[in-house]
Amino acid sequence: MTAKENLVIESKGSGQPFNYAVGMYGSKFFKELRENRKLLGTKCPKCGKVYVPPRRVCGECFVEMTEFVEVGPKGIIGTFTILRYAFIDPETGEQKPVPYGYGFIRFDGADTLFQHYISIEDESKIKIGARVEPVFSEERKGNVKDILCFKIIE
Amino acid sequence: MDRAAVIGVGITKIEANKVKETFADMVWEAVNKALEDAKMTIDDIDNVVTTSNDFWDGRTISCMAVGDASGARHKNVSCVEGDGTFGAFYGLSRVLSGSYGTTLVTAHSKGSESVSSLITNAAFDPIYDRSLGMDMISACAMQARAYMHRTGTTPEQMAMVSVKNHGNAMLNPLSQLPMNITVEDVLGSEMISDPLHKLDCSPVSDGCCAVIIANEKRASQYGSLPVWIKGVSFCSDSYFLGDRELSKAKSLTQAAKKAFSMAQISDPLSEIDVAEVYDAFTYQELMWLEAMGLCQDGKAGINLEKGYYGIKGKLPVNPSGGLLSGHPVIAGGLIRIAEIVKQLRGEAGAYQIAGAKKGVAHGVNGLCGQSHCVWILDQEK
């Protein structure tokens, strides 16, 4: 007997639903993104650092941030990778077509980096320090995919 | 710090798929190896710390499922979610508290039972990052790029880490991927996520490690050779990768400084005889060595070319073959401790570093090295 049988336990259609709270800071960020194509960060009253995405606490100073500031939408590539091996897309369960670019973007006016896709039409232009801008989705739903990707600007 | 020692270690063979063994089976093997090594029985163990991760195990409160195999029934057992070095830190704290004379620490995982990229994807923020599909490899590829950009480290130098560690693994019967390979083989292997080739990445692995820690009084009671814990520290950085200077490991620098100072080591490079560091990816071995102060910033690649980090080099690094040759997550760092213990007892077999007296073991928790734990171990009290 060489046939191998796996024990399969199926949950049929039911998953493991989770209601993650976006929080008030996240709500404000996504509302501005959806309605006005604007990007918000929060500024630390002590060290002055601007955090994107916005959040309540500056971990460096352990103080509460309440001041929202607009950043970008243009910025630079902080670092990047080009995926050449297909991983499963956790959103769809399908393998995402390769290659595609991921990057950390530093929006103008921000001190932290924001993760997103980078369009890699011309790979030779994808460099640390290259200037980029977001490509917004036409139908925005108030989530991180309201930005489709970032593209190189000349 | 009061004196404490590691008095027993047990490591299972690291394999791609231990299909014949459950988590508890692996733990049973490692625990019995450690007890035998320490010349103890389970009755000599005062308390237990198990280390595991619920996502990797696919089970809520995964630590409790290995309680029986850890001999924890009727004992005080506690759990750490994270790398085994952090579990061992907690185990050490319990010994130093005075409430327990001995602690058994276990750490296990089986990468073979799940889809690694989905598990590591789930470590990312669910609101901002997770839906973009980022995982450990793509995040580390971005860190590798940032590190190479800042230091000028080359793909060839990174490939040499893989050549060295897979070569060392040829001497280690417990390793998963002993390989005689060349720099060309690494650079010619499939590009997974630029700049990381397949052979720049550690494999998916199954394995378990157990370590027994004792206070000074109990350390010499059972007949094994104690290896003394001279300095331990861990330190953490921000959760969001975008908040960090990704090309540097500030928290490792802080942890290493504290640990070396606790061990009264002022010049680590001249005093440390052997290092086992968390080489989940080739570039990380170089980056961690620099951050720990075992090498001038940005120079690890050049030193590697000169042969400094080989088994016969100035500072042998990962003589066991490291994680590149077998990477059971969670157990990874505890295995680093166990390997240094073997070295300092002169029991590392074919990869023994001649005359090794002091060593450093290093573990990592979180994405791209959010948190680092550094252990300084010594042959002498």
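User: What makes β6(A) and β7(A) a pair of strands, and in which sense do they run?

Analyst: In this predicted model, strand β6 (residues 75-83) of chain A is joined to strand β7 (residues 100-107) of chain A over eight bridges, in the antiparallel sense. Two strands pair if there are at least two bridges between them. Eight bridges meet that cut-off, so β6(A) and β7(A) count as paired. Within this pairing, T79(A) stands opposite F104(A) in β7(A).

User: How do you know that β9(A) also pairs with β6(A)?

Analyst: Two bridges join β6(A) to strand β9 (residues 131-136) of chain A, and the two strands run antiparallel. The cut-off is at least two bridges, so this link counts as a pairing. V132(A) in β9(A) is the bridge partner of G75(A).

User: Why is β6(A) called mostly covered?

Analyst: Eight of the nine residues of β6(A) are buried. A residue is buried if 20 or more other C-beta atoms lie within 10 Å of its own.

User: Why is F62(A) called exposed, and what is its phi?

Analyst: F62(A) has 8 other C-beta atoms within 10 Å. A residue with 12 or fewer is exposed, so F62(A) falls in that class. Its phi is near 55 degrees, a positive value in a residue other than glycine. F62(A) is found in the loop between β3 and β4 (63-64) of chain A.

User: Is I330(B) buried or exposed, and how do you know?

Analyst: I330(B) has 31 other C-beta atoms within 10 Å. The cut-off for a buried residue is 20 or more, so I330(B) is buried. I330(B) has a positive phi of about 75 degrees, although it is not a glycine, and it is found in the loop between α12 and α13 of chain B.

User: Why are helices α3(B) and α13(B) called roughly perpendicular?

Analyst: The axes of α3 (residues 84-96) and α13 (residues 331-344) of chain B come within 5 Å and cross at roughly 65 degrees. Angles of 65 to 115 degrees count as roughly perpendicular, so α3(B) is placed in that class relative to α13(B). On the α3(B) side the contact is made by G84(B), T85(B), G87(B) and A88(B), and on the α13(B) side by A331(B), G332(B), G333(B), L334(B) and I337(B). By class, this contact has four nonpolar, five polar and no charged residues.

User: What makes C140(B) a buried residue, and which residues does C140(B) touch?

Analyst: C140(B), in helix α5 of chain B, has 25 C-beta neighbours inside 10 Å. The cut-off is 20 or more, so C140(B) counts as buried. Leaving aside residues up to four places away in sequence, C140(B) touches L196(B), F281(B) and C368(B). C140(B) and Y283(B) are 143 residues apart in sequence and 9.2 Å apart in space, C-alpha to C-alpha.

User: Which element gives the most to the side of chain B that touches chain A?

Analyst: In all, 30 residues of chain B are in contact with 29 residues of chain A. α5(B) gives the most to this side of chain B, with six residues. The residues of this side divide into 14 nonpolar, nine polar and seven charged.

Conventions: Residues numbered from 1 in each chain as written. Chains lettered and ligands numbered in written order. Predicted model: local features only at pLDDT ≥ 70, side-chain atom pairs only at ≥ 80, totals over all residues. Contact = placed C-beta atoms within 7 Å. Helix = DSSP H or I, 4+ residues; strand = E, 2+ residues; numbered from the N terminus. Nonpolar A, V, L, I, M, F, W, Y, C, P; charged D, E, K, R; others polar. Axes fitted to C-alpha atoms, helices over the stretch in contact; angles between N-to-C directions. Parallel < 35°, antiparallel > 145°, perpendicular 65-115°, else oblique.
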